[in-house]
Amino acid sequence: MSVLEEILEWSPGRPVWQRDALRRLVLHGELSNEDIRELTQICKSAYGLADQQDVVPLAAHHIPETGARSEQVTLLSIFHHRGVNALAEDQTLRFVPNLTVVYGDNAAGKTGYIRILKSACRARGTEEILGNVVSGAAPHMPVVAIKYKVGTEANAREWAGGDGDEAISRVSVFDSQCAAVYLTEKTDVAFRPLGLDLFDKLVKSCQSVRAQLETEQRSLRSRAITAIEAPEGTAVAELIAGLSSLTKPETVKSLASLSREKESRLELLEKSTMDLQANDPERLARQLALRVGRVRALAHHLKDVEMALSADAVSKAFEAQKEARRKGKEALRLRTATFPEGLFSGTGSERWSYLWESARQFSEELAYPHKAFPVVDDDARCVLCQQELDQTAGERLKQFERFVISTTERELREARAEVARLQEAFTELKTTNDAADEAVKEIHIEHETLAEKISGFLSSSEIRRQAIAEALSSEQENPPVLPTFVAVWTETDKLVAEYEERIKTLRSSSNEEQKRTMSAELQELHARKVLAKHEDRVLAEIERKKKVAAYELCLNDTRTQSITLKSTAVTKTAVTHKLKKSFRDELGHLAFRHLEVELKEVGGEQGVLYHKLILTRAPGVELPRVVSEGEQRCLSIAAFFAELSTADDPSGIVFDDPVSSLDYKWRESVALRLVEEAKNRQVIVFTHDIVFLLLLKQFSEELRIEQLDQHVRQLSKGAGVCAEELPWVALKVGKRIGHLKKLLQEAEKLHRDGHQSAYEKQASLIYGYLREAWERGLEEVLLCGVVERYRPGVQTQQVIKIADITEEDCRALEASMTKCSKWLPGHDQAAAARAEIPEPAVLKSDIDALDNWVSDIRKRRT
């Protein structure tokens, strides 16, 4: 299973925002600021702090195919325009794809170029690049350019300073600082299999999301409500003191809501408390008792008025009036059917009935007592006209009486009587009186609102009464639009109960326990009033605390410990075993076998597993306290190459004085290892060690590795002056002959131009170099490299080739070296023996003699 596949299998257990982050990292490599913002919103949405977001977790189809190697990054050149240390301006240092050796003495400027490379490439430590601070002038800003290629790209890329160039950062630099890190510190693995870096990046995304969440949480914390002063010891005070995200809003709403009964109770307790502060509680109790009587009477009056003017009473009156009209119509039909034509209009009507009833009363009480009305006996007279009644008149009176005593007429009379009674109730109703007015004024002293309500009720009641009475009087069919009124008699009755309670409290004021109970209840109700006033703030505070708690849950989702644990496990499987084996192999390449040293994992942090070099038999002892400087450098180089082995990336590597402090027995091993590595990747070596330089050249020739020489020097225009040649001491005989011919051309020009003194100096120098060339020819050509200076070994396989050395070869060598010695500076000659410096033609023939001598020997040995 690949690393990416293992991460995919592990991801379902991660918070959903991390699963989305893994997908983005796999697809895009890095997370933008917008990605972090979106991932933060996803994290928040899981706990209700943001709207639901679109989430796309890492899935199998997001995993790229494995097997392809990273494209090789190869450096082409460094161009220094100006501004780096004391390097000369406008210098170009070139590199080839395999092995480039940059030679320079101490203070020649190599370090300046290394600092440029460390600014662009991967290094265990970077250094600030200073200008030429010893020049006496203000240093320039560094202006440099590194050209490089990636893979088979046709066009070169260029780094001109700054961060963010991922490609060039894949080139690695080894220097003294890097060596110290490997030896003394725990180090992470810089090169990892595809996907292993996701743990680091996921940790960074956790840190970025966490930073944003913490900023928002701090802002939320700063918006806490100011203190709400509630009486101590009350339920409200305890609620506010213990306010948390778990506080139920229903509890707050319940405490903040006071029913009418509780409001009334609060007012009563406030009044009672004030009553108890009176100088003469008993006298106040008697005053309140008198007030109770007056207010109770007012309550009864208000109730009577309300009942009298209620909707039911009004409806009843108008219904009675409607019934009376209906009965009147029935009576009219009966009269029409009962009375003959020719009678006065209105006979049988209501007014006629009054007349008839009056006649009945006069007859029964005065005219004919004890006789049934109408009296129509013989000699009976009409009680109205007092004339004798004939038979026809008597029959008519009997007919009238039958009409009057009929059921219809009786019901009509009863209905009219009921209407009259109800109408009289409205007409005679007194909605207010002096006693009521006085009682209202008295209530107004302590209960202004209630007094105003009572006054309003009485006022609207009178308007209502008048409208009803007028409508009944004018016999309107329906009641008029009446002003509404709010019943107040129940509140007035409660006021009576309040007064009675206050009286009771006053008369039991000596009971301290009751006082404490009443005070506690008053405090509780006061506290609830305070809570009601700040209810919205308290509810908002609960919501704020819920959000703060939710942010804590979000922050829990950004913890990196589990990522580090997984990274450690995967790294051990995918990297550590390989890293350890590679380190052992590298020690073998360097022939480092006399000490047991190993790479060991030393824990993880924020998604990174660290390793450290330790002594196998003494793990608690720091390596630098035991091994020599040369051994330290060997171990560091082995660790560096072991680290490279974990990366499937053949990009270039740069070494700054890799054999510093190494003695001869390590130089050869390191040189061979570097040249072998140049088969697979670009290797650039900066060195001041001529022996190491020659070893690199020797091995590159033996292994047929392309190699470029670069020589940096300190000249009058500055350090780091570049030339594609080696110093004289490192040149082979053929290159030395070529160099001598160049110097000869310069000498010839001096001679032609008549600069004799300068020519003589140049010629003397050439003879000195020519003698050294003969010496190098002895080692390299005549002796066929069997023994050479700066090389510890003897090439015995070349001995057979020197069997052809002739006496002529030796005499030519001896004669030429003797002649050269004659013109060397520092050889004092007798005045009489002193000869002039040879002419250019002679000098040329002496150089050609060496060239021919070398060619002849090499020809016969091929």
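Contact, on this tour, means heavy atoms within 4.5 Å. Keep that in mind as you click through the structure, which is a predicted model.

**Stop 1: two helices side by side**

Select helix H8, residues 249-256, and helix H19, residues 535-556. Their axes come within 10 Å and cross at roughly 170°. Angles over 145 degrees count as roughly antiparallel, and H8 and H19 are therefore roughly antiparallel to each other.

Now show the side chains where the two helices touch. On the H8 side, pick Pro 249, Val 252, Lys 253 and Ala 256. Their partners in H19 are Glu 535, Val 538, Leu 539, Ile 542 and Lys 546. Colour these residues by type and you will find 6 nonpolar, no polar and 3 charged in the contact of H8 with H19.

Here is a general idea to go with this view: an α-helix has 3.6 residues a turn, so residues three or four places apart point the same way.

Stay with H19 for a moment. This helix has 22 residues and reaches 32 Å from its first C-alpha to its last, close to the 32 Å expected at 1.5 Å a residue. Which residues of H19 are buried? Select Val 538, Leu 539, Glu 541, Ile 542, Arg 544, Val 548, Ala 550, Tyr 551, Cys 554 and Leu 555 to see them.

**Stop 2: a sheet of 4 strands**

Next, switch to a cartoon view and look for the open sheet with the order E2-E1-E4-E5 and antiparallel pairing. E2 and E5 stand at the edges with a single partner strand each, so one side of each is left without a neighbour in the sheet. On average, neighbouring strands here are turned by 20° against each other, direction ignored. Helix H4, residues 110-120, packs on this sheet and touches E1, E2, E4 and E5. The direction of H4 makes about 125° with that of E1.

- E1 (residues 73-82) and E2 (residues 91-94) pair in the antiparallel sense over 4 bridges. Find His 80, which stands opposite Gln 91 in E2.
- E1 and E4 (residues 143-150) run antiparallel and are joined by 8 bridges. Here Ile 78 stands opposite Ile 146 in E4, and Phe 79 stands opposite Ala 145 in E4.
- E4 and E5 (residues 157-159) also run antiparallel, with 3 bridges between them. Look for Ile 146 again, this time opposite Trp 159 in E5.

**Stop 3: a sheet of 6 strands**

Finally, find the open sheet in the order E6-E10-E11-E3-E12-E13, where the pairing is mixed. The edge strands are E6 (172-174) and E13 (718-723), and each pairs on one side only. The twist from one strand to the next averages 20°.

Select E3 (residues 99-103) and E11 (residues 683-687), which run parallel and are joined by 5 bridges. Leu 99 stands opposite Val 683 in E11. You will meet H4 again here: this helix packs on the sheet, touching E3, E6, E10 (653-656), E11, E12 (707-715) and E13. The direction of H4 makes about 145° with that of E11.

Notes:
Residues are numbered from 1 along each chain as its sequence is written. This is a predicted model: local features need pLDDT of at least 70, side-chain atom pairs count only at pLDDT 80 or more; totals for chains, interfaces and linings use all residues. Side-chain values use heavy atoms; hydrogens and water are left out. Axes are lines fitted to C-alpha atoms, for helices over the stretch in contact, and angles run from 0 to 180 degrees between N-to-C directions. Angles under 35 degrees count as roughly parallel, over 145 as roughly antiparallel, 65 to 115 as roughly perpendicular and the rest as oblique. Ala, Val, Leu, Ile, Met, Phe, Trp, Tyr, Cys and Pro count as nonpolar, Asp, Glu, Lys and Arg as charged, and the others, Gly among them, as polar. Two strands pair if DSSP finds at least two bridges between them. The expected span of a helix is 1.5 Å times one less than its number of residues. Buried means under 20% relative accessible area, exposed over 50%, partly exposed in between (1.4 Å probe, protein chains only).
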